[in-house]
Amino acid sequence: MKRVMICLALLAGTGISQANVSLPRIFNDNMVLQRNKPIPVWGWAAPNEKVTVQFNQQTKTTKADKTGQWKVVLDAEQAGGPWQLAVKGKNALAISNVMVGEVWICSGQSNMEWTVTNSNNKDQEIANAQFPQIRHIKIPNTTSATPQKDLPGGSWEVCSPQTVGNFTAVGYFFARELFQRLNVPIGLINTSWGGTMVETWASREAFERNEEFKNLFGNSNFAQLENNLQQQASKVIQKIEAQQGPVKPGMNTSTWKNADLDDAGWATMQLPALWETRGLENVDGVLWFRKTVNLTEPQAGKAGTLELAQIDDIDETFVNGVRVGGTAQYDALRKYTIPAGVLKAGKNSIAVKVTDGGGGGGIYGDAAGMKLTVDQTSQSLAGNWQYRVESMHTNNTVAPNSYPTLLYNTMVNPIIPYAIQGAIWYQGETNAGRAYQYRKAFPLMINDWRQRWNQGDFPFYFVQLASFNAGNGNTQQGSTWAELREAQTKTLSLPNTGMAVTIDIGESKDIHPRNKQDVGKRLAAIALHEQYKQTGEWSGPLYQSMQVKDNKIELTFDHAATGFQVKDKYGYIKGFEIAGADKKFHFAQALVVGGKLLVWSEQVAAPVAVRYAWADDMPEANLYNKEGFPAVPFRTDTWKGITEETKYEIK
């Protein structure tokens, strides 16, 4: 974060010391302030110090209170810039290249944190990212047991091919659409963290006021939690040292990559998996993984391709002692070319040095994404690998899901009351196991943010979970992801909310779909219609009502006034199931008749319920409206699901 310090001259011998007027770190060069709304500016100074804030043609003066805190509220400004924001006490600050436009919070877990670099057509998207009026700040991933007043860091960046690769992809494509339609600056405050639950994003007071969660904290003690985690991690390290000897930072590991290394005494771990799920809880550091593969004489000497799914955080990868690649991004797919001449007939060694700085660590992701391909023949690398620890230490930061409120305290509270237009949200994967309770936890968080920002029921638009084979869930055995999608749909009962449906753009074997462009566009369509009052459809068909007609069920939908369409080569509607009173669902036929949908199955003579796209993974769902928005997954029954009894508790 760059700030210009303007020092005021003081007369020698006066005994007056320079005060430390300061601003929160959310205020820095290249920032975007919200247009057409009062603009809070706040900070700290010496107690009772006079503070003057100047912006554009405005000047506001206040006095710090006895604790040194101060705040002014600038009058609403129209879109424009660049301008300078100046703050003056006994010293002064000047923040430059400030724009006024639309400011949106971008929050959630990894599918919001996922960057442009990891999206479809990344090279073209990055090369074309000449949008200097789009600005982005990533809030650092940090936790705290108590609400913090300021961020530990973070800086606003101007969108360009040099910077956009690290922007939130969903946020960027959302902002690009808004900018091209509104032609005003767009500011994105990216406060997201992969793998996080909704409960960590709300305040303690919100839980304690809520009937569902008022007893959540009980006698839990955060300090004791930290101590327990440290003890657990220390035991893991002691166990490792007992197996392989002392773990010393800076160990000479230069031979661990070599083809002829004897790794028979190394421990074994089944991959892919984060090592926290394989007995190395709450520890970070450097581990080496090794695997031996056999190749035939015809494959010897040929070039190959090595794929290692994803690696958290950094890897260096060697084949027969030759470095073939390395990546310093925890969520990037690893795919390296093995040069001709490296591979040989018989045994070949693969060695991967993995460095983890915090949170999860190791080689993880889709097992099908771990393979060695030579001469168009692939062999799986999933399964047992040998591993040895180079260096390891306890993770001194409590994981964000270890306790409620930890991310609200550090990644939300410090940016309140920064003026915003609204929020976009992509989260829910981590809460799928308790999807029924998400009906209350998610609205709780939204209402909490709105109350604390004190800017009314600001727009809150969210992404419904995409199709993904999380656990083979379906109507027969139950689906946590389908129930989570239903909880998200029910959240639309809150005022000024909207939902982007993505059931059609998921990837069965990847929880992180690369198509973030359509996600951003669908969120933008909601904002353009609902917030910016532009014409056009913004939602797919939304189930409204049902009526039994003989052996068929007739369905009506909102957002289908111009009719339906099917988007695949087969040309008939798929994804529907129908059941009778026995609650046994059968695949159903569906037909559009007079603007409504008729659903039936020859196996169900007396139908009572219909479901659409009710499964973890539903790539066959192909119903859209004429405007190209996918139908919202739904069910007409209220039969008990598999997550209804699962409640969140602090362990």
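**Close-up 1. The second largest pocket of the predicted model, with strands 14 and 17 in its lining.** Strand 14 (304-312) supplies at least two residues of the lining. Strand 17 (333-338) also supplies at least two. The pocket holds about 340 Å³ of space. By class, the lining comprises seven charged, six nonpolar and five polar residues.

**Close-up 2. The largest cavity, lined in part by helices 7 and 8.** Four cavities of 30 Å³ or more turn up in a search of the whole structure. The largest of them contains about 50 Å³ of space. Its lining includes Ala 435, Tyr 436 and Arg 439, along with Glu 483 and Glu 486. Arg 635, Gly 641, Ile 642, Thr 643 and Glu 644 line the cavity as well. Helix 7 (435-453) and helix 8 (480-490) each give at least two lining residues. Helix 7 provides the largest share, three residues.

**Close-up 3. The packing of helix 7 against helix 8.** The two helices meet at an angle of about 25°, and their axes lie 8 Å apart. Helix 7 is therefore roughly parallel to helix 8. Their crossing is right-handed. On the helix 7 side, Ala 435, Tyr 438 and Arg 439 make the contact. Helix 8 contributes Thr 480, Glu 483, Leu 484, Glu 486, Ala 487, Gln 488 and Lys 490. Four residues of this contact are nonpolar, four are charged and two are polar. Ala 435, Arg 439, Glu 483 and Glu 486 belong to this contact and also line the largest cavity.

**Close-up 4. The packing of helix 3 against helix 9.** Helix 3 spans residues 169-182, and helix 9 spans residues 517-530. Their axes are 7 Å apart and form an angle of about 45°. The helices are therefore oblique to each other. The crossing of helix 3 and helix 9 is right-handed. Helix 3 makes the contact through Val 170, Phe 173, Phe 174, Arg 176, Glu 177, Leu 178, Arg 181 and Leu 182. From helix 9 come Gln 517, Val 519, Gly 520, Lys 521, Leu 523, Ala 524, Ala 527 and Leu 528. Ten residues of the contact are nonpolar, four are charged and two are polar.

Terms used
Residues are numbered from 1 along each chain as its sequence is written. This is a predicted model: local features need pLDDT of at least 70, side-chain atom pairs count only at pLDDT 80 or more; totals for chains, interfaces and linings use all residues. Side-chain values use heavy atoms; hydrogens and water are left out. Axes are lines fitted to C-alpha atoms, for helices over the stretch in contact, and angles run from 0 to 180 degrees between N-to-C directions. Helices (H or I, at least four residues) and strands (E, at least two) are DSSP runs, numbered from the N terminus. Angles under 35 degrees count as roughly parallel, over 145 as roughly antiparallel, 65 to 115 as roughly perpendicular and the rest as oblique. A crossing is left-handed if the near helix is turned anticlockwise from the far one by less than a right angle, and right-handed if clockwise. Contact means heavy atoms within 4.5 Å. Ala, Val, Leu, Ile, Met, Phe, Trp, Tyr, Cys and Pro count as nonpolar, Asp, Glu, Lys and Arg as charged, and the others, Gly among them, as polar. On a 1 Å grid over the protein atoms alone, a cavity is a set of points where a 1.4 Å probe fits but cannot get out, and a pocket is an open set with protein on both sides within 12 Å along at least five of seven lines; lining residues have an atom within 4 Å of a point. Grid points are joined across faces, edges and corners, and a volume is the space filled by probe spheres set on the points.
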